[in-house]
Amino acid sequence: MNRTTISLIAGTAALAAVTGFASLTAPGASGAGTAKAAAELPVERTTLLCPQPSTSDLADTSYTSFTPVTKGTGSGGTAQLHSATEQSADTAGDSGKTDGKANGKKSGKKKAGKPKADKPVLTPKEPGKPVTGDTSGSDTPALVGTAEGRFAPGWAVQETTEVAAGTGRGLQGVNCTAPDTEFWFPGASTDPARTDYVHLTNPDDSAAVVDIELYGKDGALKSTVGEGITVAPHSSDPVLLSTLTDEKQTNLTVHVNVRSGRVGAAVQALDDKLGGDWLAASTDPAGSLVLPGIPKDATSVRLIAFTPGDADADLKLRLASPSGQITPAGNETLHVKAGMTTAVDLGPVTRGEAGSLVLTPTDKSVPVVAALRVVRGKGAKQETAFIPATSPVGTRATSADNSGKGTTLSLAAPTRTAQVKVTASAGSEGGTAVSKTYTIKAGTTQDIDAPVPSGLQGTYALTVEPLSGGPVYAARTLAATEEGVPGFTVQTLPDDRGTVAVPEADQDLSVLQK
């Protein structure tokens, strides 16, 4: 094997361990030269971005970090969560590493003038045990977190904020996410009663350039203000949607497209009367979608869908209930016009039972994105949360911030029966981990009786691992009632991408030699 081939293998293995690059394929390779199945190895570095939680002086925010124990990791590594504006050059990206998303470019500029980072909001001590950090008031910044070594695989951070009064009052929660280059947010609004922001956070040493496009019921909204937005290095920029257009529309789809660099993005949707929450990005456009974990006591559910292509989409709507899939009364199908946002009110669709909405094409498959706006409570004591369409759990997924009484874990198996293991971690202040196995029947959603750590003190994490059967979709609802208002927030649980496929060192790659 020549020197070039050896370098290629070494470079591919290193890239896979850091970025998630999963395969090495030579043009024309076949027969004896076909690569063996790649080995699954833990990722070596993970970056997570947490948006600025609130501008309210009445806001109290907690952060919970958790890394599940992963086989194959070494004994070293660190993880920290810092203010986005306080990231020093030696913690932000000058190492030349990337973390599995686009770009990962290393800046050539010297960062001599950048201030040294202050004390981190939290610093995990060991995998398998959550750690928490708290902030309060309106001056809490966006945060950037980096985990390396044994802390990187499956690292999860939850941001949870309680706002006592005012616009958006209630419980707001969001999973801190990895930077990316494209996001879809069906469910945003420029209605006079809503105050919606797109939060853009740049973790890198170079500026990011972002376009924000808005799509309403009649198509794209005219705006030049959303083009070429520059997000400075190591900074966060909350963009008020109503400043991008004069049109007032109840249901919008927001498309964030990054021209240069990469950002984290999330929509904060605040309502004058219905509280507020974070709207996370929908999974990538697809012909079939699952929106799991609709609370059983939801008083109002609205579906918002959008197709970014040139063709209309016709969707079949089914509710995966505990007893099987049923058709929502009066809402068997939904027609989504190309390039236009479509919304339909489903009312109290779950009717006292666990439920997940399953969207499939009636005929031709056309990629769509979708989200649900969910309301609990009645009259002046109502609260809102959002459930975006999500990808399946895959190998493993984690919810980092849970309490013994306020947590509901929903599992859905829309196509085939699945067996799932759920592990409750040790508590942040004490307790012993506990695991249980569940069978989720095909076409159903179950609000399971999730395990709680024995001797629990503090908060704990829930890790979901499918063992057999069909794909599993999961969501966690965290609830806390304050002064009669049923505050709640829902986070979906897609695969944590804690491992990547790396070609085995003894593969026959002689076909690469020329």
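## Salt bridges, a disulfide and a charged patch

R302 is buried, at a relative accessible area of 14%; buried means under 20%, exposed over 50%, and partly exposed in between, with a 1.4 Å probe and protein chains only. This is a predicted model, where local features need pLDDT of at least 70, side-chain atom pairs count only at pLDDT 80 or more, and totals for chains, interfaces and linings use all residues. Residues are numbered from 1 along each chain as its sequence is written, and side-chain values use heavy atoms, with hydrogens and water left out.

Back to R302: its side chain meets that of D345 in a salt bridge, 2.8 Å from N to O. R302 sits in strand β19 (residues 300-306) and D345 in strand β23 (residues 341-347), so the pair ties together parts 43 residues apart in sequence. Strands here are DSSP runs of E, at least two residues long, numbered from the N terminus. D345 is partly exposed, with a relative accessible area of 48%.

The structure holds 10 salt bridges, each defined as a side-chain nitrogen of Lys or Arg within 4 Å of a carboxyl oxygen of Asp or Glu. Here are some of them:

| Pair | N to O distance |
|---|---|
| R302 and D345 | 2.8 Å |
| R259 and D211 | 2.9 Å |
| R169 and E383 | 3.9 Å |

What about R169 and E383? R169 lies in the loop between β7 (156-163) and β8, and E383 in strand β26 (residues 381-388), 214 residues apart. R169 counts as buried at 13% relative accessibility, and E383 is buried too, at 0%.

The side chains of R259 and D211 also meet in a salt bridge, with R259 in strand β15 (residues 252-260) and D211 in strand β11 (residues 208-216), 48 residues apart. R259 is exposed at 53%, whereas D211 is buried at 13%.

Then there's the cysteine link. The structure holds 1 disulfide, meaning a pair of cysteine sulfur atoms within 2.5 Å. It joins C50 to C176, S to S 2.0 Å, and is right-handed, with 110 degrees about the S-S bond. C50 lies in strand β2 (residues 45-50) and C176 in the loop between β8 (170-175) and β9 (182-188), so parts 126 residues apart in sequence are tied together. C50 and C176 are both buried.

Out on the surface, D60, D134, E162, E482 and E483 gather in a patch of negative charge; such patches take residues with over 30% relative accessible area and no salt bridge, like charges being joined within 9 Å. E483 is in the loop between β35 (473-482) and β36 (485-492), and is exposed at 75%.

Methods:
Patches are made of residues with over 30% relative accessible area and no salt bridge: like charges are joined within 9 Å, nonpolar side chains (Val, Leu, Ile, Met, Phe, Trp, Tyr) within 5 Å. Accessible areas come from the Shrake-Rupley method with a 1.4 Å probe; for residues, only the protein chains shown count as cover. Lys and Arg count as positive and Asp and Glu as negative; His and the chain ends are not counted. The place of a charge is taken as NZ of Lys, CZ of Arg, CG of Asp or CD of Glu. Helices (H or I, at least four residues) and strands (E, at least two) are DSSP runs, numbered from the N terminus.
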